[in-house]
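Please read this report with the predicted model open beside it.

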Amino acid sequence: MGYAPDGEHDWSAIAPGKTPRRNFPLTDSVIYQHLTGKKTIGLYALLQDETCWFVAADFDREEWREDALAYVAAAKESGIPAYLERSRSGKGGHVWIFFEVPVPASLARKLGCFLLSRAMERRHRLALASYDRLFPN
């Protein structure tokens with residue numbers, strides 16, 4: 001799960017002092033296109049003030065589906081909306097939790113770790129073999 005803002009190169013801006021790349025804004029339409037598989041987008045999870053708008057858990061390997069679904073269920077039990085996305089490779093998934101306002105990244109990661117612990121309680125076979133990492137990191 002890598003992050004790179006979507007944009008276009010402005011080849012006329014090669015002159016000194018000009019930016020040769022313009023990033024596209026992240027809109028509801030762009031997010032919808034991404035979630036429906038029509039567009040691939042990326043973004044950098046951590047803002048300059050060490051806050052973030054989301055936490056995402058990455059699951060890979062053989063039992064990624066069951067482990068990711070246990071994570072989603074743990075979030076649901078805690079009253080937290082979580083969204084599962086299959087990775088482009090088809091060999092893993094990402095569980096996203098979005099915040100209404102930016103929160104400290106350390107708090108977002110604590111939430112992610114808490115839900116991971118709850119998922120492990122739900123699914124005793126969750127041995128972290130499929131869990132890869134949390135974003136922001």
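Asp58 and Arg133 join their side chains in a salt bridge, 3.5 Å from N to O. Asp58 belongs to strand β3 and Arg133 to strand β6, so the pair ties together parts that are 75 residues apart in sequence.

The two partners can also be placed by accessibility. Asp58 has a relative accessible area of 2%, so Asp58 is buried. Arg133 is partly exposed, at 33% relative accessibility.

## A network around Arg118

The structure holds 3 salt bridges. Glu77, Arg118 and Glu121 are linked in a network of such bridges. Glu77 bonds with Arg118, and their closest N and O atoms are 3.6 Å apart. This pair links distant parts of the chain: Glu77 sits in helix α2 (residues 64-77) and Arg118 in helix α3, 41 residues apart.

Glu121 also forms a salt bridge with Arg118, again with the closest N and O atoms 3.6 Å apart. Here both residues lie in helix α3, 3 residues apart, about one turn of the helix. Accessibility is 48% for Glu77, which is partly exposed. Arg118 is partly exposed at 26%. Glu121 is exposed at 51%.

Four strands make an open sheet in the order β4-β5-β3-β6, with antiparallel pairing. Strands β4 (83-86) and β6 (131-135) stand at the edges with a single partner strand each, so one side of each has no neighbour in the sheet. From one strand to the next, the twist averages 20°.

Strands β3 (residues 51-60) and β5 (residues 92-104) pair in the antiparallel sense over 9 bridges. Cys52 stands opposite Val103 in β5. Helix α3 (residues 105-122) packs on the sheet and touches β3, β5 and β6. The direction of α3 makes about 140° with that of β5.

Leaving aside residues up to four places away in sequence, His34 touches Lys39, Thr40, Ile41 and Glu85.

Leu35 also lies in helix α1 (residues 28-35). Leu35 is exposed, at 56% relative accessible area. With Leu26 and Ile31, Leu35 forms a nonpolar surface patch of about 280 Å² accessible area together.

## Ser87 in a loop

Ser87 lies in the loop between β4 and β5. Ser87 counts as buried, at 13% relative accessibility. Beyond residues up to four places away in sequence, the contacts of Ser87 are Gly92, Gly93 and His94.

Conventions. Residues numbered from 1 in each chain as written. Predicted model: local features only at pLDDT ≥ 70, side-chain atom pairs only at ≥ 80, totals over all residues. Heavy atoms only, no water. Patch = residues over 30% accessible without salt bridge, like charges linked within 9 Å, V, L, I, M, F, W, Y side chains within 5 Å. Areas by Shrake-Rupley, 256 points an atom, 1.4 Å probe, with all protein chains shown as cover. Salt bridge = Lys/Arg side-chain N within 4 Å of Asp/Glu carboxyl O. Helix = DSSP H or I, 4+ residues; strand = E, 2+ residues; numbered from the N terminus. Buried < 20%, exposed > 50% of the residue type's maximum accessible area, 1.4 Å probe, protein only. Pairing = 2+ DSSP bridges. Axes fitted to C-alpha atoms, helices over the stretch in contact; angles between N-to-C directions. Contact = heavy atoms within 4.5 Å.
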